[in-house]
Amino acid sequence: MKKVTPFLMFQDGKAEEAMNHYISLLEDSEIKSITRYGANEAGDEGTVMLATFSLKGQEFMCIDSNVTHQFSFTPSFSIYVTCETEKELDDLYKKLNEDRIERMPLGNYGFSKKFGWTDDKFGVSWQLNLP
């Protein structure tokens, strides 16, 4: 086995928008590669056939699904971020939440100084922790 990489499947052509949003929120993050559908290929021309990006060194893969599915992301799989300061946690939580589903509002739940769990505008679940 060479490596394990989280894989995100977006619908409605949102993969590139999501990647750009995520790398704008976290320093030391970048889009590494994008392969797009061309004319007369299985997906809509210009959408993401396959892309890789990294968030703080953790590599992810993603696609724009060319098939409409009856499912989306599940909160049972989330991106877990350990923050260094309360301001960093608060700012990131606010930018991710944007009046979305708040699974656990920011607070002290006894296992850390501050924790929050929210879904972003793309439906991806994020847990933010200040140990």
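Lys 32 counts as partly exposed, at 45% relative accessibility; the term covers values between buried (under 20% relative accessible area) and exposed (over 50%), with a 1.4 Å probe and protein chains only. Lys 32 forms a salt bridge with Glu 30, and the closest N and O atoms are 3.6 Å apart. Here a salt bridge is a side-chain nitrogen of Lys or Arg within 4 Å of a carboxyl oxygen of Asp or Glu. This is a predicted model, in which local features need pLDDT of at least 70, side-chain atom pairs count only at pLDDT 80 or more, and totals for chains, interfaces and linings use all residues. Residues are numbered from 1 along each chain as its sequence is written, and side-chain values use heavy atoms, with hydrogens and water left out.

**Salt bridges**

- A search of the whole structure finds 9 salt bridges.
- Glu 30, the partner of Lys 32, is partly exposed at 42% relative accessibility.
- Arg 36 and Glu 16 form a salt bridge, with 2.6 Å between the closest N and O atoms.
- This pair links distant parts of the chain, 20 residues apart: Arg 36 lies in strand 2 (residues 30-36) and Glu 16 in helix 1 (residues 15-25).
- Helices (H or I, at least four residues) and strands (E, at least two) are DSSP runs, numbered from the N terminus.
- Arg 36 is partly exposed at 36% relative accessibility, and Glu 16 is partly exposed at 25%.
- Glu 17 and Lys 14 meet through their side chains in a salt bridge of 3.5 Å, N to O.
- Glu 17 is partly exposed at 37% relative accessibility, and Lys 14 is partly exposed at 34%.

- Four strands make up an open sheet in the order 5-8-7-6, with mixed pairing; two strands pair if DSSP finds at least two bridges between them.
- The edge strands, each pairing on one side only, are strand 5 (78-82) and strand 6 (102-107).
- From one strand to the next, the twist averages 20 degrees.
- Strand 6 and strand 7 (residues 114-119) run antiparallel and are joined by 3 bridges.
- Gly 107 stands opposite Phe 115 in strand 7.

**The helix on the sheet**

- Helix 2 (residues 86-97) packs on the sheet and touches strand 5, strand 6, strand 7 and strand 8 (125-130), where contact means heavy atoms within 4.5 Å.
- The direction of helix 2 makes about 15 degrees with that of strand 7.
- Axes are lines fitted to C-alpha atoms, for helices over the stretch in contact, and angles run from 0 to 180 degrees between N-to-C directions.
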